[in-house]
Amino acid sequence: MAIDRAAVVETALDVLDELGLDKLSMRAVADKLGVQHNTVRWHVQNKPRLLVLMSDAIFAGLDTNTLPTAWEDRIRALAHWCRRAVLAHRDAARLIAGLSTTETNTYRFADAMIQTLLDAGFPPRTAAWANWTVFYLTLGITQEQQAGTAGTPDGVTFDDAEFPALKAASAYITAGTFDERFDFALEMQVTALKAELARIEG
């Protein structure tokens, strides 16, 4: 494998999958490539820059030509594509959540989401902020899934007097898969957007 920036980023994602985010280092990437630490630094400058490039690489491959036509279905498809891309790499949600990435693949995803909403008739502010809302939802639930947590641990009970609402809903606090929870939350966002669009169109 030729040692260039793309190879370094690809290898860094391999290290991420093998060791996790906490053990990812420039030296670990260099060792995996069989090169000196300075070779990795030459191509990606430093670890913060490497993390940004890794984050952007996770969002490579979006084909907008395959997306549904209806804006609601298009938003759902983009959100599911994003979730699959993040789930494809260990600790990817935590990696992405800690960064401000201004690279091509990341911009392409956001552009597709915002353009979908603009074409549907939403004003720019709503389109931009709705994009963030769906993206944060996707990262949040995916980060929880990748961390191996699922809300309240099994066996926990709630006192009627102190936590009456939690007691009433206790059967559902840990119920359902992460995919089911994601679909539920995403559908709530789509429903809210439909209501907002109806208000705008008056």
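Q: How many salt bridges are there, and what makes a pair count as one?
A: The count comes to nine salt bridges. A pair qualifies when a side-chain nitrogen of Lys or Arg is within 4 Å of a carboxyl oxygen of Asp or Glu.

Q: What kind of model is this, and what is left out?
A: This is a predicted model, where local features need pLDDT of at least 70 and side-chain atom pairs count only at pLDDT 80 or more, while totals for chains, interfaces and linings use all residues. Residues are numbered from 1 along each chain as its sequence is written, and side-chain values use heavy atoms, without hydrogens and water.

Q: Why is the contact of Arg 49 with Glu 103 called a salt bridge?
A: The closest N and O atoms of Arg 49 and Glu 103 are 2.6 Å apart, which is within the 4 Å limit, so the pair is a salt bridge.

Q: What parts does the pair of Arg 49 and Glu 103 tie together?
A: Arg 49 belongs to helix H4 (residues 47-58), and Glu 103 to the loop between helix H6 (92-97) and helix H7 (104-120), so the pair joins parts that are 54 residues apart in sequence. Helices here are DSSP runs of H or I with at least four residues, numbered from the N terminus.

Q: What makes Asp 179 and Arg 83 a salt bridge, and where do they lie?
A: Their side chains meet at 2.7 Å, N to O. Asp 179 is in helix H11 (residues 178-201) and Arg 83 in helix H5 (residues 71-87), so this pair links distant parts of the chain, 96 residues apart. At 3%, Arg 83 is buried, whereas Asp 179, at 45%, is partly exposed.

Q: Why does the pair of Arg 181 and Glu 144 still count as a salt bridge at 3.8 Å?
A: The N to O distance is 3.8 Å, and the limit is 4 Å, so the pair counts. Arg 181 is in helix H11 and Glu 144 in helix H8, so the pair ties together parts that are 37 residues apart in sequence. Glu 144, at 25%, is partly exposed.

Q: How do you know whether H8 and H11 run roughly parallel or antiparallel?
A: Their axes come within 10 Å and cross at roughly 170 degrees. That makes H8 roughly antiparallel to H11. Angles under 35 degrees count as roughly parallel, over 145 as roughly antiparallel, 65 to 115 as roughly perpendicular and the rest as oblique. The axes are lines fitted to C-alpha atoms, for helices over the stretch in contact, with angles from 0 to 180 degrees between N-to-C directions. Among the residues that meet are Ala 130, Leu 137 and Glu 144 in H8, and Phe 178, Arg 181 and Leu 193 in H11.

Q: What is the relation between H1 and H2, parallel or perpendicular?
A: The axes of H1 and H2 come within 9 Å and cross at roughly 105 degrees. This angle makes H1 roughly perpendicular to H2. The contact (heavy atoms within 4.5 Å) includes Val 8 and Val 15 of H1 and Val 29 and Leu 33 of H2.

Q: Which residues of H2 are buried, and what covers them?
A: In helix H2 (residues 26-33), Met 26, Ala 28, Val 29, Ala 30 and Leu 33 are buried. Their cover includes helix H1 (5-19), H3 and H4.

Q: Why is His 37 called buried?
A: His 37, in helix H3 (residues 37-44), has a relative accessible area of 19%, so it is buried. Leaving aside its neighbours within four places in sequence, His 37 is in contact with Met 26, Arg 27 and Ala 30.

Q: What makes Trp 129 exposed, and which patch does it belong to?
A: Trp 129 has a relative accessible area of 51%, so it is exposed.

Note on methods. Buried means under 20% relative accessible area, exposed over 50%, partly exposed in between (1.4 Å probe, protein chains only). Helices (H or I, at least four residues) and strands (E, at least two) are DSSP runs, numbered from the N terminus.
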